[in-house]
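Dear colleague,

I am passing on a structure that I have been going through, together with notes on what turned up. Please read the notes with the structure open beside them.

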Amino acid sequence: MTTGTVRIDRVADGVWIIAPENAPSVLDDAAGIDVTVLEVLGGHLSWSVFAEYTVPVAVIDDVVSAQNWVWAVFGEEVALAVAEGETGSEVVVEPARPRVAVGARRLAFAHWAARWWPTSTVDGIPALDAGLLNREIATLVEDCDLLVDGDDALAPSGPTLADRPGRADDYALAAGAATATRPGTLVLARGITGSDWRRYPPGLVDCSERAVSWEVVRTSGNTAVRVSVVAAPDVSEPVPDHVRPRALIGTASGAVDVALRLSGDVWFGESAAPPGAEAGVSVDVYLPGFGVNGSVDVGGSDVRERVRALARLRLRRAAEPTPDDGPDAPLLAEIDAAASDSDF
């Protein structure tokens, strides 16, 4: 099975990269939310979930260990070129073990789905059942025992998601209901936005671009800002303090940091407004100590919308009666989500 060509280069002393053109790797300055990564013997493999190609990028820091699987995933010609140090060479990929190559891609995607699947009741994207996902990851780990290493070689054993189906219309109104304007209150500004998924763990916040709402109000001579964030469908009390998100509310002249509390299906917080809030504010939902600030290009609203579009496409494919046996065939958890009778 020929799947394309790769270029082989030595990027540092003892570090090699095998890559298709314009593909992401663990050497990039910032990892995009579309990038799947698999830790393997002697290095890492990576793919973009948006790309149609199935050939991964391999970054190798231990050639001897990596030769256990390079031939299986890339083919004997690539393995020989790496062994002989053919820097700058372009080689045709013909996996000697196509099932291993496909399994590695599916395993990386399953790990990615556990972190980046854009669950949203507002947008009608159901959650993936964690139990099904964990069991499929465990099966794929066994199928890929030739190459997986580190944490990715361990079958997950975490708890399953709570079964809390919701109605999209209810959640779409939830944030607004939490900040209902009281009599005698003047609304100076309000808005709706999304949040940066890289700033908090999965399972806390709804992934919609309409999940965050805010308003600046004036009451009895005081100006306040209120923010409401639709919670992920499976969040329920009690939520430990160390995983309660916060909201950094900013203007050109200042910012306030607001603790959020869970009220029903919404994270809600309120504070005295920063200077200039009458003209509007920005809201950054985050968990202290988690994630990093990064480039909008790898985690902004445009990329998030592409991830949501990918999830919808995969769910449509998962609902089709004809089995899909391709390298990007739906996971069992996707098939289950597509067939569910929830109100999404």
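N22 lies in the loop that runs between strand 2 (15-19) and strand 3 (35-40), where strands are DSSP runs of E of at least two residues and helices are runs of H or I of at least four residues, both numbered from the N terminus. Although N22 is not a glycine, it has a positive phi of about 55°, and N22 is exposed, with a relative accessible area of 74%; here buried means under 20% relative accessible area, exposed over 50%, and partly exposed in between, with a 1.4 Å probe and protein chains only.

Before going further, please note that this is a predicted model, in which local features need pLDDT of at least 70 and side-chain atom pairs count only at pLDDT 80 or more, while totals for chains, interfaces and linings use all residues. Residues are numbered from 1 along each chain as its sequence is written, and side-chain values use heavy atoms, with hydrogens and water left out.

S220 is also not a glycine and has a positive phi, of about 50°. S220 is placed in the loop between strand 8 (212-219) and strand 9, and with a relative accessible area of 71% it counts as exposed. A further backbone feature is the peptide bond from E237 to P238, which is cis, with omega near -5°; P238 belongs to the loop between strand 9 (222-230) and strand 10 (246-250).

**The chain as a whole**

The protein chain holds nine helices and 14 strands. Of its 344 residues, 47% count as buried. Taking contacts (heavy atoms within 4.5 Å) between residues at least 6 apart in sequence, 67% join residues at least 24 apart.

**Helix packing**

Two packed helices are described by the angle between their axes and the distance between the axes. The axes are lines fitted to C-alpha atoms, for helices over the stretch in contact, and the angles run from 0 to 180 degrees between N-to-C directions. Angles under 35 degrees count as roughly parallel, over 145 as roughly antiparallel, 65 to 115 as roughly perpendicular, and the rest as oblique.

The axes of helix 4 (residues 98-116) and helix 5 (residues 130-143) come within 9 Å and cross at roughly 150°, which makes helix 4 roughly antiparallel to helix 5. The crossing of helix 4 and helix 5 is left-handed, a term used if the near helix is turned anticlockwise from the far one by less than a right angle, with right-handed used if it is turned clockwise. On the side of helix 4 the contact is made by R99, V100, G103, R106, L107, A110, H111, A113 and A114, and on the side of helix 5 by L133, E136, I137, L140, V141 and D143. By class, the contact of helix 4 with helix 5 has nine nonpolar, two polar and four charged residues, where Ala, Val, Leu, Ile, Met, Phe, Trp, Tyr, Cys and Pro count as nonpolar, Asp, Glu, Lys and Arg as charged, and the others, Gly among them, as polar.

Helix 5 also packs with helix 9, at an angle of about 155° and with their axes 8 Å apart, and helix 5 and helix 9 are therefore roughly antiparallel to each other. In this contact L132, L133 and E136 of helix 5 meet L332, A333 and D336 of helix 9, a set that divides into four nonpolar, no polar and two charged residues.

Helix 9 (residues 332-339) has a further partner in helix 8 (residues 301-318), with axes that come within 8 Å and cross at roughly 80°, so helix 8 and helix 9 are roughly perpendicular to each other. R314, L315 and A318 of helix 8 and E334, I335, A337 and A338 of helix 9 make the contact.

**Individual residues**

R106, in helix 4, counts as buried at 15% relative accessibility. Leaving aside residues up to four places away in sequence, R106 touches E136, L140, P327, D328, A329, P330 and L331.

C207 sits in the loop between strand 7 (186-193) and strand 8, and is buried, with a relative accessible area of 10%. C207 and T119 are 88 residues apart in sequence and 5.8 Å apart in space, C-alpha to C-alpha; the residues that C207 touches, again not counting those up to four places away, include T119, W197 and R308. C144 is buried too, at 0% relative accessibility. A search of the whole structure finds zero disulfides, a disulfide being a pair of cysteine sulfur atoms within 2.5 Å.
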